[in-house]
Amino acid sequence: MSDYTLSEAATALRDGSVSSRELTDAALDRAAKSEAELHAFLTLAHDGARSSAEAADTAFASGRDAGAFQGIPVALKDNLVTQGIATTAASQILAGWVPPYDGTAVARLKDQGVVIVGKTNLDEFAMGSSTENSAFGPSRNPWNTDRVPGGSSGGSAIAVAAGSAVVGFGSDTGGSIRQPAALCGVVGMKPTYGLVSRYGLIAFASSLDQIGPITRTVEDSVTALEAVAGHDPLDATSYRGDRPGFRDGFESGVRGLKIGVVRELTGEGFEPDVEAAVRRTVDLLSDAGAEVVEVSIPSVDVSLSAYYLIAPAECSANLARFDGVRYGLRRDGETVEEMMTATRADGFGPEVTRRILLGTYALSAGYYDAFYGQAQKVRTVVIREFEEAYRQVDVLVSATAPTTAFEIGSKTQDPLSMYLSDICTIPSNLTGHPAISVPVGLDRHSLPVGFQIMAPALGEAVLFRVARAVEQAVAFEARPPLLEEWS
Amino acid sequence: MSWEPVIGIEVHVELLTDSKMFCGCRVDFGAAPNTNICPVCLALPGALPVPNEQAIEWIVQIGLALNCTITRESIFHRKNYFYADLPKNYQISQYDIPVCSGGHLDVEIDGETVRVAINRVHQEEDTGKSIHMGGGGRIHSAEATLLDFNRAGVPLIEIVSEPDIFSPAHARAYAQQLRDVVLSLGVSDARLEEGSMRFDANVSIRPEGDTKLGAKVEVKNMNSFRSLERALDFEIIRQTEAIEAGQRIEQETRHWDEEAGVTRAMRSKEGSSDYRYFPEPDLVPIVVSDEWREQIRSMLPELPHQRRWRYIELGLEAHAASVLVAGEADVAVLFEEAVGLGADPKQTANWLSGETTAYLRRNNTSIDQTGLTAAYLAEMTGMLADGKLSATAAKEVLTGVIDHEGSPGEVAAARDLIQISDTSAIETAVDAVLASNPEALETLRSGDMKPFGYLVGQVMRATSGKADPKVVNEILRDRASQ
């Protein structure tokens, strides 16, 4: 029962073969059994979840149906603001803060009658690729608990992979949904920038952040995106046009589509098993009728550098509000300046501090043009090169990450090698384009490999169509071996 | 050597929009502390700004009134600095692409028109208010600081002049006229003492005739037009004396101390911030289309300088026109209505800016609390023209009308102020005076006009002063020539 997909659960709830209360109890039970090993959650909302489940069951019983998420147990990354449920962004500086409001995506899920199982672990303020930067301790990969789950949305990816939630939501600034989904063997999707409101997402880098779903299947990814996407007057960067149809041609396969393999996202730094899984998937797409070509996007090589100037610059301002004055942690000081300094010095972890300092430096007088200004120019080039590529091909593909899940602690002393985990995912954040990671196999250590599909702005329909074709062609059925112990 | 001051002025104006700049909270300066707040203006985690369209419309109005170019796509920047009453620890402001740029304001000073070039008008948001408890209300000695975020996020515009002002009086006239423009647009209450309009001045001096600017000093904390002028006077003398004593002027920020009448250097740390401006990623460019701009232009009310010019064309003297334009709006409305009913513009303006304004000030009241109406003003100028009132009597009647004693006719009658301009009644009085002064009449008839004044006085006494002296003169002259 814990291992239902969203569409299976939705069907079972409606034909009466399962109740939301049963689904919720099963999810909470799975979390209770696995949490000591995985640490996916920062808060488990037992009582709230059970009462939401009962409300959903009452609604079903009286024939009310508010949407696909009615009665569905969901895990939310703990940088999504939830009214009445502590929201920490995995930072000491927000420890104990209980928000007085819901973010827009959360509110839309609640409008459908969702069951919030809990708030999931992340790298502090979503800054990291392994969920090791959490102030409340690292999470562990359900496929191998010596390994990281990826990050920063590690907790949500684990919850879905381990069956502690039917659907997870995360945020993706440089790959933070797709990379942990890849490392945990589930589907992770980053929508076109502006498609999902950022209102109520604790900002890391405003021009890059986007909320998206983590699911077991591509079909569920579409349904989850439909639930949260759409214009929001509370987010000035929210897309105002008509929402594109996400399901257009969903089951029509890849025959007639042109698929570009990004040359720069192969070779050095990529594990052989990852490369082999990607090649095998591309071959399957070719067999299914797609035309496959190699595409070169030279600026991919400088994307990482541009990203590590733009994201820290924005974060240096976004995180300025955490000063001890209005909420969260406060350390005493003789003056206001001393209070703020002590609060921030104690409240932020080392990676967050590093990025705030980087960003502050990049924006400083005399350095702006050389750093932030230059990075924005590179960003423009990246966008232009991707747009040019999409004039030749329908989608671009690559591995989601150059490696499978790495060992806990193996990269924490080397930020640069950690940053390289996001080499494949960062370009889509710089361009604002949609991308998805679909599991396509296991490496020699029985760790999942993710395959990334990228599409042009608002190209969700073709993105999901190719992802669905990949899912069918590879028929990835494996589940984490430890599930046996937690059932 | 002779020195020339160069002054530039930055004016902040709070807009009285219905809601704040980036959220739906009400703008209400009288509200209890921290009642008009929400996740956005408190900068709770996850909250995002959305621009207020009314504020954009109003800054475009101001820009057009100041002859600025309106930018089709302007952008917001973040101005980063830490301060307890700045919730996000950055202010959303504008930097290199403001809504309005390159305008001017023609300033009247001593009857002359001097043009002040305006660099830009940009949109930003206000901070909250810090209230320092104990220690004389100063931050460094306070025991505690309370924060009120009602003002946080209130739309603020900044009007930046070029260094195009060359005397403190000129600066004052510019500031006053700018306030008149803002008031005439109805976009702010522009109260200096409450801080809804605030000035900072940049001042430097240079040898007369030089074109290079000297090191500039920013002067803050002037809460009235008078203190703006005083602070600049002080600062110019201070800089001149310093330079003549061989010192260098430091580029710094100085605080005007109203009581002591001096400027004082603020801690240098506060003056030398690097604000690390960068484009605000939570907002998209503000687009003002040509159509919208022209629609706003077509709705602009008559501006003070335009109104002043119209009053001069109605026959008012330049000074009277300026007084009326700069005064309370309801007084000017009454003036316009009275003139519309046929009142003499010049006479009406004199009464309104003279006796009436003095009365309002003395009694701390407003024009609508008096008995004065447009119809009464028209009636009074009519009575004056018809000779029914003397200029002196008219002033007394005006006082009575203001005091709710009735219409000018009723007041004049009740106070027995109606002039006798009925020729036959005056003739009777003149003849009676002449009959009892035959020698004086003879003297007049012989061509010696010496007794003329005496005879006029006698007639006025006989009519208890109510005879129109003009008519008395005419009749007496007529009798003398017989």
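Domain bounds here come from an automatic or database domain assignment. For chain B this assignment gives domain 1 (3-295), domain 2 (302-414) and domain 3 (423-480). The model is predicted: local features need pLDDT of at least 70 and side-chain atom pairs count only at pLDDT 80 or more, while totals for chains, interfaces and linings use all residues. Residues are numbered from 1 along each chain as its sequence is written, and chains are lettered from A and ligands numbered from 1 in the order in which they are written.

The centres of domain 1 and domain 2 of chain B, taken over C-alpha atoms, are 37 Å apart. Nine residues of domain 1 of chain B contact seven residues of domain 2 of chain B (contact: C-beta atoms, placed from the backbone, within 7 Å). On the domain 1 side, strand S6 (100-109) and helix H2 (168-185) of chain B each give two or more residues (helices, H or I, at least four residues, and strands, E, at least two, are DSSP runs numbered from the N terminus). H2(B) gives the most, with five residues.

S6(B) also belongs to an open sheet of nine strands with mixed pairing, in the order S2-S6-S7-S10-S1-S11-S12-S13-S14 (chain B); strands pair if DSSP finds at least two bridges between them. Strand S2 (69-70) and strand S14 (262-265) of chain B are at the edges with a single partner strand each, so one side of each has no neighbour in the sheet. S6(B) pairs with strand S7 (residues 112-125) of chain B in the antiparallel sense over nine bridges.

Between the chains, the contact takes 25 residues from chain B and 32 residues from chain A.

Key. Contact = placed C-beta atoms within 7 Å.
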